[in-house]
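Here is a brief report on one protein chain. It covers the overall fold, the core and the charged pairs.

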Amino acid sequence: MNKVLLVGRLTTKPELRYTNANVPYTRYSLAVDRGTNSQTGERLTDFINIITWRKQAEVICQYLNKGSLVSIEGRIQTGNYTDKDGNKRYTTDVVTDNVRFLESKAQSEARASQDSSTPYDFEAPSNDVSVDNDPFADFGDSVSIDDNFLD
């Protein structure tokens with residue numbers, strides 16, 4: 001089974017493109033926090049290439065911006081090509097089946113209006129790990145599940 005589920009932030013504003021057959025698509029990168037820190041305490045992040053097709057691509061390009069928080073469901077697709085210098089290159093992308101917006105328009109606009117020193121500026125990541133930059137901080141109280149829950 002080839003199934004991927006990711007939660008992360010867009011690293012750039014997606015741009016709508018079209019195939020020769022006039023099918024809309026967009027390619028973008030998603031910054032996904034690994035949930036661990038390096039030995040120096042720096043947060044580790046993976047930058048994953050994403051491809052979205054058709055109407056969903058049009059909606060993404062219309063409503064999402066750099067830093068938008070999304071959930072991606074899809075599949076991994078690998079490929080290869082020969083570059084202009086004759087070198088064989090390999091690609092790995094996630095092709096989306098479903099993209100969900102995880103913040104409201106107001107939250108997105110508020111985040112976008114912050115200065116460039118925010119922790120969501122992916123060109124210069126911040127090492128600050130606090131509740132102020134936790135995208136899930138305002139989702140409510142924490143959930144505790146004890147061993148008796150499974151009985």
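## Fold, core and salt bridges

Residues 24 or more positions apart account for 61% of the contacts in the protein chain with a separation of 6 or more; a contact means heavy atoms within 4.5 Å. This is a predicted model, in which local features need pLDDT of at least 70, side-chain atom pairs count only at pLDDT 80 or more, and totals for chains, interfaces and linings use all residues. Residues are numbered from 1 along each chain as its sequence is written, and side-chain values use heavy atoms, leaving out hydrogens and water.

The pLDDT is the predictor's confidence in each residue, from 0 to 100. Its mean over the protein chain is 81, and 72% of the residues reach 70 or more. Over residues 115–131 the pLDDT is below 50; in the model this stretch has 22 contacts beyond near neighbours in sequence.

The protein chain has 2 helices and 6 strands. Their order from the N terminus is β-β-β-β-α-β-β-α. Helices (H or I, at least four residues) and strands (E, at least two) are DSSP runs, numbered from the N terminus.

Of the 151 residues, 29% are buried. Buried means under 20% relative accessible area, exposed over 50%, and partly exposed in between (1.4 Å probe, protein chains only). In β1, 5 of the 7 residues are buried.

The largest nonpolar core has 13 residues. Such a core is a set of buried Ala, Val, Leu, Ile, Met, Phe, Trp, Tyr and Cys residues joined through side-chain atoms within 4.5 Å. Leu6, Tyr28, Leu30, Ile50, Val70 and Ile72 have the most contacts inside the core. At least two core residues come from each of β1 (4–10), β3 (24–37), β5 (69–82) and β6 (88–101).

Strands pair if DSSP finds at least two bridges between them. β1 runs antiparallel to β5, with 6 bridges. Val4 has Gly74 in β5 as its bridge partner. β1 also runs antiparallel to β3, joined by 2 bridges. Here Arg9 stands opposite Ala31 of β3.

The chain has 8 salt bridges. Each is a side-chain nitrogen of Lys or Arg within 4 Å of a carboxyl oxygen of Asp or Glu. Three of them are listed below.

| Pair | N to O distance |
|---|---|
| Asp33 and Arg43 | 2.8 Å |
| Glu58 and Lys55 | 3.8 Å |
| Arg100 and Glu73 | 3.4 Å |

Arg100 is partly exposed at 47% relative accessibility, whereas Glu73 is buried at 19%. Glu58 and Lys55 sit 3 residues apart in helix α1 (residues 54–63), so about one helical turn separates them. Lys55 is exposed, with a relative accessible area of 58%.
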